[in-house]
Amino acid sequence: MSRAGKIAVIGAGFYGSTTAMRLAEYDIFETVVLTDVLEGKAEGLALDMNQSRPVQKFETQIVGQTTGLDGSGYEAISGSKIVVITAGLPRKPGMSRMDLIETNAKIVRQVSENVAKHAKDAVVIVVSNPLDEMTALAQIATGFPKNRVMGQAGMLDTARFTNFVAEKTGSPVGEVKTLTLGSHGETMVPVPSKSSVKGKALSDVLSKEDIDALVERTRNGGAEVVALLKTGSAYYAPSAAAAQMAKAVALNSGEVMPVCAWVDGEFGISGVYLGVEAEIGSQGINKVVETTLTPDELAALKTAAEAVRAKQADVKDL
Ligand code: APR
C-alpha cells in the first residue's frame, strides 16, 4: 500500500477524533495531524491512536498538536493537502444548528485564517455547524477559490435516509439508494424520486405516508441523536461521511457525492453554498452535477437556497 501526504483535522472532539482515526485506518496518508485548543488533548488522542497501529495494521502516523488562539502550533499543519475543520460547539437538546452560529463563527474564522497561513494549497472540508453558513465563512476567511472549500452534510443526511429506508424495508443498506440535497437544516431536501430499493423506485416499495415519515425523520436525524445523547451531537456517521470525502480528494477519485458546494448557475441557482451532488477530485469540487429533479423537489431546493443565502450573507460580519 502506498501512502502519501499529510491531512489535518482541526478540533479533536468527538467528530474530529473519530474522523482522524478513520483517516489513519485507511492507511493512504503518510501523516494525519490532529489539533485542538485544549492543552494536551490532541497529543493524548494521537498517542492512543498510534498505539492501535499494530493491532489495526496501518502505518499512517497520527501527530497531535495543541494550538493557541494566537495561531501558535499551526506550523504542524503546514504542507497539508486537505484540512478538515471540526472545531466548534455541538448542539444540546432543544437547540437548532443555527443557535450555534455566533459562537462557531468566531471559532471557524480563527481556524480558517490559520489554515490559510499554514496550508495555503489545501482543500478544506468543513463540518462545524451550522454547516452551510460555516462553509461559506471558511471560504471567505481563507480566501481560497470556492471549489477548494466544501462542507460535509449531504453524505450524512443521505446515509441517514438510506439507513431508515433499509430498516423499514428489511433490505441490506447496499441495495438501497437515496439522495438528500438542500441545506443541513430545516430546508433539507430528501429526494424520493432518486431513491430506490433493489433497483425499484421508492414509491413502488413504500406508501406515500411511509416515505413522508422517513423524509421527516431524516430531516430531524441529527436532533434525534442529540435528544438521546443529551451531552453532544452525532459523530460516527458524520465522521464516516467526512472521511470518505477526504479520501475522494486524496485519491482524486472523481466520485459524485452529495456535498455542500458553491453553486453558480446550476439548477437556476447562483452565488450560494448549498447541498448538491458534485464530482470530487484533488482540487476539491470538479463540478456540480445537475441531477434531474421533479418540479416539487426543484422548488424545495430553490427555497433552501434562498434560506441559506440570507444567513450566509450575515456570516461575513460575524
Ligand atoms: N481551534 C481548535 N479547536 C477548537 C477551537 C479552536 N479555535 N475551539 C474549540 N475547539 C475544539 C474543542 O476544544 C473541542 O475539543 O473543538 C472540539 C469540539 O469537540 P466536541 O465538543 O466534542 O464537538 P463535536 O461533536 O466534535 O462537534 C464538532 O461538528 O457536527 C458539528 O455541531 C457540531 O459544530 C460541532 C462540530
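## Two domains in one chain

The centres of domain 1 and domain 2, taken over C-alpha atoms, are separated by 22 Å. In the protein chain, the domain assignment places domain 1 at 6-151 and domain 2 at 154-317, with bounds that come from an automatic or database assignment.

This is a predicted model, in which local features need pLDDT of at least 70 and side-chain atom pairs count only at pLDDT 80 or more, while totals for chains, interfaces and linings use all residues. Residues are numbered from 1 along each chain as its sequence is written, and side-chain values use heavy atoms, with hydrogens and water left out.

## Extent of the interface

Domain 1 brings 38 residues into contact with 42 residues of domain 2, where contact means heavy atoms within 4.5 Å. Between them the domains bury about 3400 Å², 69% of it on carbon and sulfur atoms; buried area is the accessible area (1.4 Å probe) that two parts lose on being put together, summed over both. Within domain 1, the residues losing the most area to domain 2 are Arg97, Asp132 and Met150, which together account for 17% of what that side buries.

## The side of domain 1 that touches domain 2

Helix 5 gives this side its largest share, 9 residues, helices here being DSSP runs (H or I, at least four residues) numbered from the N terminus.

Technical notes. Helix = DSSP H or I, 4+ residues; strand = E, 2+ residues; numbered from the N terminus.
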